[in-house]
Amino acid sequence: MHVERSVLTTIGAMLVLMTALPWFVGQVSEDVFFEWPFFLEVAIGGLLSGVMYSLVALGFVLIFKASGVFNFAQGAMVLFAALSFVGLKDLGVPLWLCFILTAGIMTLVAMTIERLVLRPLVNQEPIILFMVTIGIAYVLDGLGQMIWGSEVRMLDIGLPQDPSFFFDGKILINQFDMFAALIAGALVAALVIFFQYTKTGRALRAVADDHQAAMSVGIPLQHIWVVVWTVAGLVALVAGIMWGGKLGVQFSLALIALKALPVLILGGFTSIPGAIIGGLIVGAGEKVSEVFLGPLVGGGIEDWFAYMLALVFLVFRPQGLFGEKIIERV
Amino acid sequence: MFYREAGQFKTSYQADQAIFPIRQDLYAYIAFLAVAFIGVPLLASDYFLSTLMLPFLVLALAAIGLNILTGYAGQLSLGTGGFMATGAFAAYKLSTAFPDMHLIIVFLLSGLITAGVGIFFGIPSLRIKGFYLAVATLASQFFLIWMFNKFGWFTNYSASGVISAPPRTVFGDFYITGPQAAPVTKYLFCLSFVVLLALLAKNLTRSNIGRKWMAIRDMDIAAEIIGIPMLKTKLIAFAVSSFYCGIAGAFWAFLYTGSVEPLAFDVNRSFQVLFMIIIGGLGSIMGSFLGAAFMVLLPIFLTNAPHMVGVEISVSTLSHLEAMVFGVLIIFFLIVEPHGLARLWQIFKEKMRLWPFPH
Amino acid sequence: MSTQRTFGEILLKVEDVHLSFGGVKALTNVNFDIRKGEIRAIIGPNGAGKSSMLNVINGFYHPQQGAITYKGVTRSQMKPHEAARQGIARTFQNIALFKGMSTLDNIMTGRLLHMKSGLLSQALYWGKYLREEVAHREKVEEIIDFLEIQAIRKTPVGRLPYGLQKRVELGRALAAEPELLLLDEPMAGMNVEEKEDMSRFIIETNDQLGTTIALIEHDMGVVMDLSDRLVVLDYGRQLADGEPDEVRNNQAVIDAYLGVTE
């Protein structure tokens, strides 16, 4: 397990890239290329929205590592968490209490899923588990909207929404996105600490390494699953709040979360830094291509860019950027 | 009369290979077809035919298509909607570009065009499988729908993007599409097509290629080692599956809704068809029909059941309830009976063979 | 039984084969041949590289160095399905049957290389294709009779007990009418009676059909009885090659099996 160090390296590299490169380019190369500042603005905007994809992808990776389940319902969990959060908030509950209550709800969801769905399906083929999570996604989508309604709800969590100029007014960056990136960074750091320094975290890493071996030293697998689904639920909650704050809480959040799938393919299903870098690549790639290639074909490239990128990528490197190489045996 | 096979001895392998080796099954099948071809058109109302039977038949056809790819060949696809859209737009372009082309030819050609598109998007399946492939098929789904929305050529530059199927006749002056078409003729046309295609699909799945598909599904490495060419066999599965989905898409647009619109084939359609084969039965042609019937009937049941017990539920709540019920059913079937309704039916028949003597 | 038998020309020759995974050496400098019509055993302790050797022969693994000559054609790379086309069939240590399919269908897959009909005639299931299907079914029924598994013809193999699954797997390999049959621990986990049955099937296959057989087996009694010649591997190295009596008295082999360090 080298996750911790590589995560820190990744975050560091991210921060350096996000600050140094534009600064450098802004200082030196104003006339290197006519539209450099505009390109940078688009790319940075893309990177920042990519952080949001990473947030969703992170939840997938956690569950996949610990239980081998490809959790299609992560997007639905984002929507469900966001709906519950905004629903409670609209009832007049203070923000901090909303957060705690929704965290409780997500824990309950995790326990229910483990008890009713995962436990009867132990040792089933991965593809069956994948399809079952599509079922879970539908239940959560339906349930969330049935309880809290399906109209779009604004969610103001007190972050600044206006774009502001950086680097001598050359580059326009959305402040909200920057805060979102900071929060995402903090979340990853918290996860690293959790995995690295707590007893449960160590057990989780053991399970991720080898189910059988972990069980044989007395780590209760089912308990671990509840924990990891809960953690994924909390990650979904953070993602839901951020996405909801950006776009309003609505059903389309579940569809945005679908974009986390190509992110995972790029990054590899088992790698946390992979999820982050995959998100950044998808975010920046789709924004840049939309702005610079979109006009050539009438726009809308964003709809499919991520999937096509993943498709092409898969053909050349099926295990993703950071995933482990698959060796087939007979 | 009892459901028994006692006394029916097979004297040739050919008889043993028949689709319905048990005579009672064959009789039941013939009776069922008679009801579908004669009884339903005589008794059913236009409303029943066009809002229940047509979507049922079209969805069943799409389900057969996906079942060939996912249930038999084991390649999970979330791109069914995109392939159906391809069939619908191919049929539209063909029938407007060549107004004299016979409608049956139009449908078959649009199936073939979709098969070509399916082969293209099936190429990555050589290197990737399982949920990786599912994500890759999402690429085809989103790309195809985007393409049909974006380029005016596909809609003959119609301003709204929603276009109607042009009126066409078959066998003299029976209108099959367009406003003059009677639901009964549409139904009979669709039914004949679907029954025929279902029979061909059944044959494929019980012949050499079907065994190759199932071998790849059950254990791809072993399949390769006993000499099954991977890429070719998978691509054939993609082609045949897309052919069926394409024709289903063309039927959806031309026979059922009468208009060609990309929205009808979005990613939710892909999930819907996947749900049908999970509930109906993975790897079963009959399951495709059962799943489609279930998919058409459940919303009607959910709409009417609360009425009957005097509870009023709003339309939006109802759609959420529907999503939940489907989700729960998917989970239920995958846990309890991964082979779906078709397997439950088989178990029922096995019980019936012995009934009323349990041992 | 190995005394009075004579064998034809060399069917398969393994020369100087090296195979490694990353830094792990699975096979080092392996040389032996298989003659037409013989039963050739590959033995050795666990992890000696026996299965890897079979995997190299049928093209699933590609050796980094060395050559395989099969029916006079030398090659270093071959795809598994090409090997199957050339008449190499095999069974697996951990049964690799198609679990969702019936016994009959599993064995029918062994015939697929001999079936020629196109997609359309299969869809019609009539005339030419129907005759082809029935003809191959007859072949398969012969194998089913030979292996005495008539009763489980229509049972999905996933529900069969282990011993029967091994038999069905042998049936699938036989259905391909191979020239060279590779058997990877055909008797692992079987009781004495099942082993006797399996030995009988192997001998009869070799006797009546003239199929050349290369087999991996741990049960020394069985191996010494069945095989004409043996090759012994240990840690990927070749310890010995020869007739059962020679190998039995080879000091290096005795050391390897009894765990004596050099």
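Figure 1. Two residues are in contact if their C-beta atoms, placed from the backbone, lie within 7 Å. Chain A holds 14 helices and 2 strands. These elements are DSSP runs, numbered from the N terminus: helices are H or I with at least four residues, strands E with at least two. Of its 330 residues, 48% count as buried. Buried means that 20 or more other C-beta atoms lie within 10 Å of a residue's own; exposed means 12 or fewer, and partly exposed lies in between, with C-beta atoms placed from the backbone. The model is predicted: local features need pLDDT of at least 70, side-chain atom pairs count only at pLDDT 80 or more, and totals for chains, interfaces and linings use all residues. Residues are numbered from 1 along each chain as its sequence is written, while chains are lettered from A and ligands numbered from 1 in the order in which they are written.

**Figure 2. Packing of α3(A) on α4(A).** Helix α3 (residues 74-90) and helix α4 (residues 95-118) of chain A pack at about 140°, their axes 9 Å apart. Axes are lines fitted to C-alpha atoms, for helices over the stretch in contact, and angles run from 0 to 180 degrees between N-to-C directions. The pair α3(A) and α4(A) is therefore oblique. Angles under 35 degrees count as roughly parallel, over 145 as roughly antiparallel, 65 to 115 as roughly perpendicular, and the rest as oblique. From α3(A), the contact uses A:Ala81, A:Ser84, A:Phe85, A:Leu88 and A:Lys89. From α4(A) come A:Leu95, A:Cys98, A:Leu101, A:Thr102, A:Ile105 and A:Met106. By class, the contact has 8 nonpolar, 2 polar and 1 charged residues. Ala, Val, Leu, Ile, Met, Phe, Trp, Tyr, Cys and Pro count as nonpolar, Asp, Glu, Lys and Arg as charged, and the others, Gly among them, as polar.

**Figure 3. The side of chain B that touches chain A.** Here 32 residues of chain B are in contact with 38 residues of chain A. On the chain B side, α6 (130-150), α11 (267-280) and α13 (315-336) each supply at least two residues. α13(B) gives the most, with 13. This side of chain B has 25 nonpolar, 5 polar and 2 charged residues.

**Figure 4. Helix α13(B).** Its 22 residues reach 31 Å from first C-alpha to last, close to the 32 Å expected at 1.5 Å a residue. The expected span is 1.5 Å times one less than the number of residues. Buried residues of α13(B) include B:His320, B:Met324, B:Gly327 and B:Ile331.

**Figure 5. Packing of α8(B) on α10(B).** Helix α8 (residues 208-218) and helix α10 (residues 230-257) of chain B pack at about 110°, with axes 10 Å apart. They are therefore roughly perpendicular. B:Ile209, B:Lys212, B:Trp213 and B:Ile216 of α8(B) meet B:Thr233, B:Lys234, B:Ile236 and B:Ala237 of α10(B).

**Figure 6. Positive phi in two loops of chain C.** C:Glu185 is not a glycine, yet its phi is positive, about 45°. C:Glu185 sits in the loop between β7 (180-184) and α7 (192-209). C:Tyr235 has a positive phi near 50°. The loop between β9 (229-234) and β10 (237-242) holds C:Tyr235.
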